[in-house]
Amino acid sequence: MTPTTQSTLSYFKWAFIVTVVGLLLGGYLGWEMTGTVSGTATIFFICAVLAVLEISLSFDNAIVNANKLKDMTPEWQHRFLTWGILIAVFGMRIVFPLLIVVIAANVGPWTAMVMAATEPDRYAQIMHDAHLPIAAFGGTFLMMVGLSFFFDHEKDVHWVRWFEEKIATYSSIKGIEIAFVLIIMLIFTRIISNSTNPDLGPEAANVFFTSAIWGLLTFLLVEVLGGILDRSQQMLEGAAKGGFGAFLYLEVLDASFSFDGVIGAFALTSNLFIIAIGLGIGAMYVRSMTIMLVEKGTLAEYRYLEHGAFYAILILAVIMYTQSLVHIPEVITGLGGATLIGIALWSSIRYNRQEKAREAGAAHGAKV
């Protein structure tokens, strides 16, 4: 896709519109629930905080989306940025929390919806109890995503050179990232099993390990299925790249990124509808950032931006694993990822300046 000259703010037009509508909805919901100005202001504030939380947790999500989208056909790019984002907003922010309660409490979807509206504390407790398997599944999937970026023998751009070059020398060993993840899984399973925490122990360790295995299998199945689907599409459509297989990969990836935000949101409020409004606003900014990164060619312009995103993914995966043992505030998670991406951006800008200075010096030397 050819980079455009469209202004940066124009990409966020719909995100701004959804922000205004969402915050007004939050204010209305607050008034209906409390009937007081202070109660309305509190819920309005929670919606805004949830939106900021989602944005801070999703910088790396937007960059990884853009990295995958740049190789997809315009048709599949459009499909992901419309239907894919709708699935991410409504599926992960509304259906996913409901599905957890449906499975955990063994109730029907309508009962779960009624519980969310009338028994928010009970609903939040069920979500809290489901945190361990979600952290294991999402952490494993994201760990595989991050390691696959670094264990790539074709990768020739290195940011943290001493570390990434060392990893690249082992990238030709088949399944090395899988072996690494399995070792981490076994270590955490043993720690959880031997823990004196009453919420942990052998039973919790079994839940963690089973969920982590499913996270690993999901990554491998999506990779295999995506490869088969895209290869079939290429055979049918010639040079077409990144079809349904890439779409499926991005959907599962978005879901894994959303786990932390959805679970973390229940620390602020147990009301599903407030969570849906706040995280939905944040998800629209992720969509806007993704489109901007693809259309403006930002990833090509800032060579280390991807690296920062994938380091942030690895850190998020480790945090999700660690949260099976201790609680880590979502603020730390969000700021950690955003800081890494900021450092990567700064490194990219510094590299570009050095390259321009080098080219100017070479041109001056040639004239002399």
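Met-144 counts as buried because its relative accessibility is 1%. Buried here means under 20% relative accessible area, exposed over 50% and partly exposed in between (1.4 Å probe, protein chains only). The model is predicted: local features need pLDDT of at least 70, side-chain atom pairs count only at pLDDT 80 or more, and totals for chains, interfaces and linings use all residues. Residues are numbered from 1 along each chain as its sequence is written, and side-chain values use heavy atoms, without hydrogens and water.

Met-144 sits in helix α7 (residues 131–150). Helices are DSSP runs (H or I, at least four residues), numbered from the N terminus. Leaving aside residues up to four places away in sequence, Met-144 contacts Glu-177, Ile-178, Val-181, Leu-216 and Phe-219. Contact means heavy atoms within 4.5 Å. Val-181 is 37 residues from Met-144 in sequence, yet their C-alpha atoms are 7.3 Å apart.

Met-143 touches Val-181, Ile-184, Leu-314, Ala-317 and Tyr-321, with residues up to four places away in sequence again not counted. The largest nonpolar core has 78 residues, and Met-143 and Tyr-321 touch the most other members. Such a core is a set of buried Ala, Val, Leu, Ile, Met, Phe, Trp, Tyr and Cys residues joined through side-chain atoms within 4.5 Å. Helix α12 (residues 272–295) gives the most to this core, 13 residues. Another core, of ten residues, lies apart from it and includes Val-102 and Met-115.

In helix α6 (residues 120–129), Tyr-123, Ala-124, Ile-126 and Met-127 are buried. The buried residues of α6 line one face, because they fall within an arc of 160° seen down the axis. The arc is taken from the directions from the helix axis to the C-beta atoms. Asp-121, His-128 and Asp-129 are exposed on the face of α6 turned away from its buried side.

How values were computed. Helix = DSSP H or I, 4+ residues; strand = E, 2+ residues; numbered from the N terminus.
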